[in-house]
Amino acid sequence: MSLIASSIRSENIHFKRNPYKIGALLLFFVAAIYGLQNGYTLYQTQTEEIEKIKIKNKKTSDQVIQWFAEGKSGPENRPWINISDPYWSLWYTPSPVCKTPSGLMPLSIGQAEQFGYYKQVSNRSTPYDADLAEEIANPERLAIGTLDFSFVILFLLPAILLVLLFNIGGLEKDLGFEHLIYISVSDHKIWILGRYLYYLIIIVATILFTVLPYSILTKSMLEHPGKMLHFFLYTFLYVISWMAIFFIVSVAFSGSKNISIVMVALWLTLTVVLPGTSHQLTTLNYPATYMTDLLDAKREEADKISELPKEKIKNLLIASFPELRNSLHYSDTSINEEIINNSVSYLVNNMMKETARKIEVLHEEKNSFIKKLYLINPVGFFQNKLNGIADTDYYSFQLFRNKIQDRINKKVSLMASESWNKVAVDSVRYQQYLKELND
Amino acid sequence: MNTIVVNEWKNLARDKGLLMASIFFAIVLIAVSIISVEEVKQSKDNQQKAQNHMREKWESIDSMNAHSAAHYGTYLYKPISAIGNFDEGVYSVTGKVLRIEGHVQNEIVYSEASQSLLMSKFGKLKSSLILQYIIPLLLIFLAFNSMSNEKESGRVKLLYLQGANTAQLIFSKSIAVWMYGILLLSITFFVQLLWLPPDYDQTQRLLLLFVVFVLYYYIMVIGTIYLSAKLKNNTAVLTMTLAGWMLWTIFLPKILGNTSEKVFQLPSRQAFLTSMQEDRSKGIDGHNPSDKREKELKEKVLKEYNVTDVKDLPINFDGIRMQADEEYGNQVWDKHFGNNYTLLKKQKTFYQLSGIINPFISLQNLSMGLCGTDMHHHIHFLQQAELYRREFIKLLNDRHAFGGSKTGEWEWTEKNEFFRSIKDFEYRNPALGSLLQSYQVDLFCLIGWAALITTIVLFKEKKKEYV
């Protein structure tokens, strides 16, 4: 232990005298703050945007409540709208689904810029609508990527470690006094390990020091302590893994030039080449889909359902939504075409759900393949883990799509059941809709 | 100088490690090129299939009301150019499918990046990834000690005695390493040319791309050897060049890209759509008979045909109303999307100008641009698609208005021949000449860097001696 302690002390002296290493650590510190700030800015932007949506929706619902209070049937320039009809009332019920950013977003932006994060749900919506496209952004900037905190950890940190560690054991060889070291220390590997430990302590302290203020700002430390702990654990594991790799290099190779070349080659292979290779392999096996089935279903199959005879639609509705048997319209001897038309979206939604499910299955196959490639792409593994913890990975957005689907289900079910029960909507009923179709 | 170049080559050839590395890189470059070509071929085939499927759907419409057909619409698919296999650029982060329909200008959707977990922060293993990131690093490793070794071993004195000056030494050693880089480049571009379908424009682009890479490698190599001459020892040179490489290739592009978005801020999607909707609602609502603009239009048409009621018109007023709404919508689109495109172009110019401090950015821009996978090509596609949408909808609205039906006859249908007569969308890349105008800054930056560093070596290092 005393050897480790003494080598930590001597490394402290070496570090303080080395402007390159101090510069490298400062660069890491500045980049970490820059990355965290980028993530925090995105977190704030999304939070503010969601607030704006809520305000806009409040205006819409207040307007409808005012129509009820004034005895109006809807907007003056749209005489065909009757707000007491469940169809129109629900049409005018804002049903937003928002993916509130996690307080951990500053730690990892992940795929958050590739997806939309809010949606106004209507009875014709699907989780794959064009309005769920990502925020308006410069595509070249998206392709280059954002320098966020996880990028700093996953890509910059190993490079910084490289600068901090490349001459440990190598410099002595360069200057020709390695034998002096071997004589003066009982085990030169322990001596190297001690010097490595010094940098481990510095790096971990820097990470904690930079992350803590942001976790206080977003309250993530209080609200998601488990996730924060997970984030730190994976980060620590990642740092340790790199240090272990570099330690082997320091021990196995001699001379700082050789060590640095091997370290750079490993860094480049693990962070650029292998992820790029697994990306290429995945695309070859699972090319991007053009969603033709979904487009066909949305454009044609939906129309086919609407064009069916009303009697047939009625029977299909009863078969897929048995609760309608208890409705007023079920016992009517004649078919009310308007009620049937207002309920068609229930059937269309069922069909679209099935098509969307098939797409999700396809995507999951691709994801399974990606996960299998983690063996050759360990950085990809850590990347997706950190994104998952920060709720910015593919699966977080899949959950968001599921939430959208649930809201659509609720809306079309309400539309069908309220229409079949011939409900005359008033202000109280409308506010119930608002409650049911909002978070 | 020739003797030094030859000697450098002999030294390089003696290095068995380098020989092995060269064989390895040659195989990797060939394999990556072939795989990328195959991947793009597969992608093009899939895209063509989807496009044909949608066209078939359109051409199989038996009979339909022209306005219903405008709602039925069609889908356009963003193509990738043949040399897009070299550099994927923005292709995987932008959508590929665009719905074309009446009343609405949709967003392009279904990007590859949104269809799975994240795999790589630097994209797929394409030729561009190897040639932009890895080969320059290899060249750094070959070059970083070429002058410092001469100094440390004392051979540099001998070279000075033999009549060489520092500038000649730097140039000779640079040429030797640079030629090695060109050799690796040539392998890749040769494979690309072999696999490329005969296309004059694409070949021209590929050859220009070769020149761009040659220039960049020159900057990297001569810069490294210049530092090798200036700095005290190998460690200092290696640390400086590696730090420079990381800063140039990994960090500055991201930082400057982010900065460009902050300097020229784009509106949020919600704010953008709200302002577009507001502007559009001021116009004629295609389905809103009480609109003020419609009244004016109606009066104008009635006067033109000298009748007092739309029912007496020999044409279908609904079609005219729809087209007027479209034209107003087009003005709104031009205003708002035009504003966005202007901002995007400003961001791009800002980013391009940062090539003054980072030649890698110029290389990256030219690589994407010449491969047809940059933002300019993306916007060009969207603009061409919008032009097609306008023609497509106008044909349908005109048919609705002047095809024989009267106002309010929504049951009137058009026959299959009419739908088949509407031509399909065909996209062509912008000509190389017009593209180069957008990339003058990057070309000047690269040439400027090469000229600057040559001048420094030529005039500042000629009389200096490092002993």
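Helices (H or I, at least four residues) and strands (E, at least two) are taken here as DSSP runs, numbered from the N terminus. The structure is a predicted model, in which local features need pLDDT of at least 70 and side-chain atom pairs count only at pLDDT 80 or more, while totals for chains, interfaces and linings use all residues. Residues are numbered from 1 along each chain as its sequence is written, and chains are lettered from A and ligands numbered from 1 in the order in which they are written.

By these assignments, chain B contains 17 helices and four strands. Its radius of gyration, taken over C-alpha atoms, is 30 Å, well over the 23 Å given for 467 residues by the globule rule (2.2 Å times the number of residues to the power 0.38), so chain B is more spread out than a compact globule. Along the principal axes, the C-alpha atoms of chain B fill a box of roughly 105 × 40 × 40 Å. A residue is termed buried if 20 or more other C-beta atoms, placed from the backbone, lie within 10 Å of its own, exposed if 12 or fewer do, and partly exposed in between; buried residues account for 46% of the 467 residues in chain B.

Within helix 8 of chain B lies B:Phe213, which is buried, with 26 other C-beta atoms within 10 Å. Contact is defined by C-beta atoms, placed from the backbone, that lie within 7 Å, and, when residues up to four places away in sequence are not counted, B:Phe213 touches B:Leu131 and B:Leu185. Although B:Phe213 and B:Leu366 are 153 residues apart in sequence, their C-alpha atoms are 9.4 Å apart in space. Helix 8 is also one of the elements against which the buried residues of helix 5 (residues 146–153) of chain B pack, along with helix 4, helix 7 and helix 9 of chain B. The buried residues in question are B:Ser146, B:Met147 and B:Ser148, and just after helix 5 of chain B, B:Gly154 takes a positive phi of about 85 degrees.

A nonpolar core is a set of buried Ala, Val, Leu, Ile, Met, Phe, Trp, Tyr and Cys residues joined through C-beta atoms within 7 Å. The largest such core has 201 residues, and those with the most contacts inside it are A:Leu161, B:Leu139, B:Ile170 and B:Val221; helix 5 of chain A gives the most to this core, with 15 residues. Not counting residues up to four places away in sequence, the residues touched by B:Ile170 include B:Met147, B:Ile222 and B:Val457.

Strand 2 (residues 74–77) and strand 3 of chain B run antiparallel and are joined by four bridges, with B:Arg99 of strand 3 as the bridge partner of B:Tyr75. From strand 3 (residues 97–100), B:Val97 and B:Arg99 point one way and B:Leu98 and B:Ile100 the other way, and all are buried. Helix 11 (residues 292–305) of chain B, by contrast, is hardly covered, with a count of one buried residue among its 14 residues. Just after helix 11 of chain B, B:Asn306 takes a positive phi of about 60 degrees.

Between the chains, 64 residues of chain A are in contact with 71 residues of chain B. The largest share of the side of chain A that touches chain B, 17 residues, comes from helix 11 of chain A. The residues on this side of chain A divide into 30 nonpolar (Ala, Val, Leu, Ile, Met, Phe, Trp, Tyr, Cys and Pro), nine charged (Asp, Glu, Lys and Arg) and 25 polar (the others, Gly among them).

Note on methods. Contact = placed C-beta atoms within 7 Å. Pairing = 2+ DSSP bridges.
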